[in-house]
Amino acid sequence: PPPPPPPGAPAPPPATALHNPASLPGCEREEGEPRPSLYHLLVNKFPLGPGHTLLVSADRRPQVLTAHDMRAAVYFVTHLVPSYILFFNSWCAGASVNHFHFQTFPANLLPLVVFLSAPSSDRSTASSAPSPDSSSSATTSLDFSTLQQWPAHFERFALSDSASALHAVHSCIASNRPHNLLFSHTAGILLFRRTTDHPALDQARLLCSEYPATMECCGVFTTASQDVYDGLGPQEMCSILASTTLPVEHT
(Lines give C-alpha, C1' and ligand atoms only; values in the text may rest on other atoms or scores of the structure.)
Protein backbone atom coordinates (compact mmCIF):
# COMPACT_ATOMS: atom_id res chain seq x y z
CA PRO A 1 0.00 0.00 0.00
CA PRO A 2 1.17 3.58 -0.54
CA PRO A 3 2.71 5.33 2.48
CA PRO A 4 0.34 7.57 4.46
CA PRO A 5 0.55 11.32 3.72
CA PRO A 6 2.56 13.43 6.17
CA PRO A 7 0.67 15.20 8.98
CA GLY A 8 -1.16 18.26 7.70
CA ALA A 9 -1.05 17.23 4.02
CA PRO A 10 -4.34 17.74 2.15
CA ALA A 11 -6.37 14.67 1.28
CA PRO A 12 -5.86 13.44 -2.30
CA PRO A 13 -8.56 14.23 -4.86
CA PRO A 14 -11.49 11.78 -4.86
CA ALA A 15 -10.97 9.12 -7.52
CA THR A 16 -14.41 9.66 -9.09
CA ALA A 17 -14.38 13.46 -9.03
CA LEU A 18 -13.94 14.02 -12.76
CA HIS A 19 -15.35 10.92 -14.40
CA ASN A 20 -17.67 13.12 -16.42
CA PRO A 21 -16.71 16.79 -16.11
CA ALA A 22 -18.83 17.63 -19.13
CA SER A 23 -21.85 17.33 -16.85
CA LEU A 24 -20.48 19.77 -14.27
CA PRO A 25 -21.78 23.36 -14.16
CA GLY A 26 -19.48 25.68 -16.08
CA CYS A 27 -17.95 22.86 -18.14
CA GLU A 28 -20.63 22.61 -20.81
CA ARG A 29 -19.60 22.46 -24.44
CA GLU A 30 -19.78 25.71 -26.36
CA GLU A 31 -21.48 25.85 -29.75
CA GLY A 32 -19.20 24.44 -32.44
CA GLU A 33 -16.75 23.03 -29.90
CA PRO A 34 -15.68 19.37 -30.28
CA ARG A 35 -17.20 16.79 -27.96
CA PRO A 36 -15.86 17.36 -24.41
CA SER A 37 -13.29 14.93 -23.17
CA LEU A 38 -13.70 12.68 -20.18
CA TYR A 39 -10.80 12.42 -17.72
CA HIS A 40 -9.39 9.66 -15.56
CA LEU A 41 -7.59 10.39 -12.31
CA LEU A 42 -4.61 8.03 -12.25
CA VAL A 43 -1.92 7.09 -9.78
CA ASN A 44 1.44 8.59 -10.72
CA LYS A 45 4.08 5.84 -10.84
CA PHE A 46 6.81 8.41 -10.26
CA PRO A 47 5.34 11.03 -7.89
CA LEU A 48 7.36 14.04 -6.77
CA GLY A 49 5.52 14.02 -3.45
CA PRO A 50 2.30 13.03 -1.68
CA GLY A 51 -0.79 13.69 -3.77
CA HIS A 52 1.04 14.03 -7.12
CA THR A 53 -1.45 12.39 -9.50
CA LEU A 54 -2.38 12.50 -13.18
CA LEU A 55 -5.62 13.71 -14.74
CA VAL A 56 -5.62 12.05 -18.17
CA SER A 57 -8.00 12.53 -21.08
CA ALA A 58 -9.97 9.40 -21.91
CA ASP A 59 -9.65 10.38 -25.58
CA ARG A 60 -6.33 9.78 -27.30
CA ARG A 61 -5.51 13.33 -28.30
CA PRO A 62 -2.33 15.42 -28.26
CA GLN A 63 -1.04 17.54 -25.39
CA VAL A 64 -2.84 20.71 -26.53
CA LEU A 65 -5.27 22.64 -24.31
CA THR A 66 -8.84 23.20 -25.45
CA ALA A 67 -11.49 25.58 -24.11
CA HIS A 68 -13.18 22.67 -22.36
CA ASP A 69 -9.90 21.67 -20.67
CA MET A 70 -9.52 25.21 -19.38
CA ARG A 71 -13.04 25.25 -17.93
CA ALA A 72 -12.64 21.79 -16.39
CA ALA A 73 -9.34 22.85 -14.77
CA VAL A 74 -10.92 25.98 -13.32
CA TYR A 75 -13.85 23.95 -11.96
CA PHE A 76 -11.47 21.42 -10.41
CA VAL A 77 -9.55 24.00 -8.36
CA THR A 78 -12.58 26.11 -7.43
CA HIS A 79 -15.25 23.51 -6.64
CA LEU A 80 -13.74 20.02 -6.37
CA VAL A 81 -10.35 20.18 -4.65
CA PRO A 82 -9.38 23.81 -3.87
CA SER A 83 -6.44 22.61 -1.76
CA TYR A 84 -4.78 21.23 -4.91
CA ILE A 85 -3.44 22.85 -8.04
CA LEU A 86 -3.56 21.54 -11.60
CA PHE A 87 -0.66 22.11 -13.93
CA PHE A 88 -0.03 21.54 -17.61
CA ASN A 89 3.25 21.05 -19.48
CA SER A 90 3.18 21.49 -23.24
CA TRP A 91 5.29 19.42 -25.57
CA CYS A 92 8.93 20.63 -25.28
CA ALA A 93 8.15 22.20 -21.89
CA GLY A 94 8.24 19.15 -19.66
CA ALA A 95 5.63 16.85 -21.22
CA SER A 96 7.14 13.44 -21.94
CA VAL A 97 3.93 11.80 -23.23
CA ASN A 98 1.95 13.36 -26.08
CA HIS A 99 -1.42 12.24 -24.70
CA PHE A 100 -3.43 15.02 -23.10
CA HIS A 101 -3.06 15.19 -19.33
CA PHE A 102 -2.91 17.54 -16.37
CA GLN A 103 -1.04 16.85 -13.17
CA THR A 104 -2.27 17.58 -9.65
CA PHE A 105 -0.26 18.57 -6.58
CA PRO A 106 -1.00 19.94 -3.09
CA ALA A 107 -1.05 23.73 -3.34
CA ASN A 108 0.64 24.27 0.02
CA LEU A 109 3.77 22.46 -1.16
CA LEU A 110 4.46 24.90 -4.01
CA PRO A 111 6.52 27.96 -2.96
CA LEU A 112 5.17 30.17 -5.78
CA VAL A 113 1.55 29.57 -4.76
CA VAL A 114 2.41 30.38 -1.14
CA PHE A 115 4.43 33.40 -2.34
CA LEU A 116 1.51 34.81 -4.34
CA SER A 117 -0.94 34.14 -1.52
CA ALA A 118 1.11 36.10 1.03
CA PRO A 119 0.67 39.89 1.25
CA SER A 120 3.69 41.67 -0.21
CA SER A 121 4.43 43.20 3.19
CA ASP A 122 4.74 39.70 4.69
CA ARG A 123 6.99 38.15 2.05
CA SER A 124 10.20 39.08 3.82
CA THR A 125 9.15 36.94 6.78
CA ALA A 126 7.36 34.15 4.93
CA SER A 127 8.82 30.67 5.30
CA SER A 128 9.40 28.32 2.40
CA ALA A 129 6.94 25.53 1.78
CA PRO A 130 8.10 22.12 3.06
CA SER A 131 9.89 19.89 0.59
CA PRO A 132 7.97 16.80 -0.54
CA ASP A 133 9.57 13.48 0.26
CA SER A 134 10.71 11.27 -2.61
CA SER A 135 12.40 7.91 -2.46
CA SER A 136 13.80 8.06 -5.99
CA SER A 137 15.14 11.58 -6.24
CA ALA A 138 16.21 14.57 -4.20
CA THR A 139 13.74 17.44 -4.16
CA THR A 140 14.40 20.95 -2.92
CA SER A 141 12.27 24.07 -2.65
CA LEU A 142 13.46 27.54 -3.58
CA ASP A 143 13.65 29.69 -0.44
CA PHE A 144 11.67 32.82 -1.33
CA SER A 145 11.95 34.44 2.11
CA THR A 146 14.12 37.27 0.78
CA LEU A 147 12.44 37.68 -2.62
CA GLN A 148 10.15 40.55 -3.56
CA GLN A 149 9.76 39.33 -7.15
CA TRP A 150 9.58 35.76 -8.40
CA PRO A 151 12.52 34.91 -10.69
CA ALA A 152 10.43 33.03 -13.28
CA HIS A 153 8.48 35.25 -15.69
CA PHE A 154 4.75 34.56 -15.98
CA GLU A 155 1.41 36.08 -16.95
CA ARG A 156 -1.42 35.93 -14.42
CA PHE A 157 -5.13 35.64 -15.20
CA ALA A 158 -8.18 35.50 -12.96
CA LEU A 159 -9.94 32.15 -12.87
CA SER A 160 -13.02 33.95 -14.20
CA ASP A 161 -11.03 35.02 -17.28
CA SER A 162 -9.97 31.63 -18.63
CA ALA A 163 -10.90 32.84 -22.14
CA SER A 164 -8.06 35.38 -22.07
CA ALA A 165 -5.69 32.72 -20.77
CA LEU A 166 -6.71 30.41 -23.61
CA HIS A 167 -6.15 33.23 -26.12
CA ALA A 168 -2.61 33.60 -24.75
CA VAL A 169 -2.10 29.84 -25.04
CA HIS A 170 -3.26 29.96 -28.66
CA SER A 171 -0.66 32.67 -29.33
CA CYS A 172 1.99 30.32 -27.92
CA ILE A 173 0.81 27.51 -30.17
CA ALA A 174 0.71 29.79 -33.23
CA SER A 175 4.31 30.86 -32.61
CA ASN A 176 5.48 27.34 -31.71
CA ARG A 177 6.25 28.53 -28.18
CA PRO A 178 6.51 25.86 -25.44
CA HIS A 179 4.49 26.78 -22.36
CA ASN A 180 3.36 25.71 -18.90
CA LEU A 181 0.17 26.57 -17.04
CA LEU A 182 -0.85 26.39 -13.41
CA PHE A 183 -4.42 26.57 -12.08
CA SER A 184 -4.82 27.55 -8.43
CA HIS A 185 -7.82 28.49 -6.29
CA THR A 186 -5.83 31.33 -4.70
CA ALA A 187 -3.27 32.28 -7.38
CA GLY A 188 -5.51 32.07 -10.46
CA ILE A 189 -4.13 30.94 -13.82
CA LEU A 190 -0.41 31.36 -14.43
CA LEU A 191 1.11 31.07 -17.90
CA PHE A 192 4.85 30.56 -18.32
CA ARG A 193 6.06 31.13 -21.88
CA ARG A 194 9.27 29.17 -22.29
CA THR A 195 12.38 30.31 -24.08
CA THR A 196 13.74 28.38 -27.03
CA ASP A 197 17.24 29.68 -26.29
CA HIS A 198 19.21 26.45 -26.44
CA PRO A 199 22.27 27.65 -24.47
CA ALA A 200 20.01 28.64 -21.56
CA LEU A 201 18.11 25.35 -21.72
CA ASP A 202 21.32 23.33 -21.97
CA GLN A 203 22.75 25.17 -18.98
CA ALA A 204 19.60 24.47 -17.00
CA ARG A 205 19.79 20.79 -17.84
CA LEU A 206 23.46 20.74 -16.90
CA LEU A 207 22.68 22.27 -13.50
CA CYS A 208 19.64 20.21 -12.52
CA SER A 209 19.81 17.21 -14.90
CA GLU A 210 16.38 17.94 -16.44
CA TYR A 211 14.77 20.67 -18.51
CA PRO A 212 12.68 22.79 -16.11
CA ALA A 213 8.89 22.46 -16.27
CA THR A 214 5.98 23.78 -14.18
CA MET A 215 7.25 22.43 -10.87
CA GLU A 216 10.59 24.16 -11.31
CA CYS A 217 8.84 27.40 -12.33
CA CYS A 218 6.99 27.14 -9.01
CA GLY A 219 10.19 26.69 -7.02
CA VAL A 220 10.49 22.91 -6.62
CA PHE A 221 13.51 21.27 -8.23
CA THR A 222 13.93 17.52 -8.52
CA THR A 223 17.34 16.14 -9.39
CA ALA A 224 18.57 12.73 -10.47
CA SER A 225 21.24 12.46 -7.78
CA GLN A 226 22.28 13.77 -4.40
CA ASP A 227 25.43 15.31 -5.91
CA VAL A 228 23.39 17.43 -8.34
CA TYR A 229 21.04 18.37 -5.50
CA ASP A 230 23.92 19.51 -3.29
CA GLY A 231 25.33 21.69 -6.08
CA LEU A 232 22.04 23.47 -6.83
CA GLY A 233 21.81 26.62 -4.72
CA PRO A 234 19.38 29.58 -4.69
CA GLN A 235 21.50 31.57 -7.17
CA GLU A 236 21.49 28.71 -9.68
CA MET A 237 17.75 28.19 -9.23
CA CYS A 238 16.95 31.85 -9.83
CA SER A 239 19.22 31.91 -12.88
CA ILE A 240 17.50 28.85 -14.36
CA LEU A 241 14.00 30.29 -13.85
CA ALA A 242 14.88 33.72 -15.23
CA SER A 243 16.73 32.43 -18.30
CA THR A 244 14.25 29.72 -19.38
CA THR A 245 11.03 31.79 -19.13
CA LEU A 246 10.16 34.63 -21.45
CA PRO A 247 9.59 38.10 -19.94
CA VAL A 248 6.04 39.36 -20.47
CA GLU A 249 7.22 42.43 -22.40
CA HIS A 250 8.78 40.08 -24.99
CA THR A 251 5.55 38.22 -25.71
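## The largest pocket

In this predicted model, the largest pocket holds about 790 Å³ of space. A pocket here is an open set of points on a 1 Å grid over the protein atoms alone, with protein on both sides within 12 Å along at least five of seven lines. Its volume is the space filled by probe spheres set on the points. The lining comprises 26 residues, each with an atom within 4 Å of a point. Closest to the centre are Phe46, His52, Gly94, Ser96 and Gln103.

Several elements each give at least two residues to the lining: strand 2 (53–57), strand 3 (84–89), strand 4 (101–106), helix 5 (214–217) and strand 9 (220–223). Helices (H or I, at least four residues) and strands (E, at least two) are DSSP runs. By type, the lining splits into 12 nonpolar, 12 polar and 2 charged residues. Asp, Glu, Lys and Arg count as charged, and Gly is among the polar residues.

## The nonpolar core

The largest nonpolar core has 27 residues. Such a core joins buried Ala, Val, Leu, Ile, Met, Phe, Trp, Tyr and Cys residues through side-chain atoms within 4.5 Å. Ile85, Phe105, Leu110, Leu112, Leu182 and Met215 have the most contacts inside it. Contributors of at least two residues each include strand 3, helix 5 and helix 7 (234–244). Helix 2 gives the largest share, 4 residues.

## Helix 1

Helix 1 covers residues 67–80. Its 14 residues should span 20 Å at 1.5 Å a residue, and its end C-alpha atoms are 19 Å apart, which agrees. The expected span is 1.5 Å times one less than the number of residues.

Of those 14 residues, 10 are buried, so helix 1 is largely enclosed by the rest of the structure. Buried means under 20% relative accessible area, with a 1.4 Å probe and protein chains only. Among the buried residues are His68, Met70, Tyr75 and Phe76.

## Salt bridges

There are 2 salt bridges. Each needs a side-chain nitrogen of Lys or Arg within 4 Å of a carboxyl oxygen of Asp or Glu. One joins arginine 61 to aspartate 69, at 2.7 Å from N to O. Both of these residues are buried.

Arginine 193 pairs with glutamate 155, their closest N and O atoms being 2.4 Å apart. Arginine 193 lies in strand 8 (188–193) and glutamate 155 in strand 6 (155–157), so the pair ties together parts 38 residues apart in sequence. Arginine 193 is buried at 10% relative accessible area, and glutamate 155 is buried at 14%.

## Basis

Residues are numbered from 1 along each chain as its sequence is written, and side-chain values use heavy atoms, without hydrogens or water. In this predicted model, local features need pLDDT of at least 70 and side-chain atom pairs 80 or more, while totals for chains, interfaces and linings use all residues.

Key
Buried means under 20% relative accessible area, exposed over 50%, partly exposed in between (1.4 Å probe, protein chains only). On a 1 Å grid over the protein atoms alone, a cavity is a set of points where a 1.4 Å probe fits but cannot get out, and a pocket is an open set with protein on both sides within 12 Å along at least five of seven lines; lining residues have an atom within 4 Å of a point.
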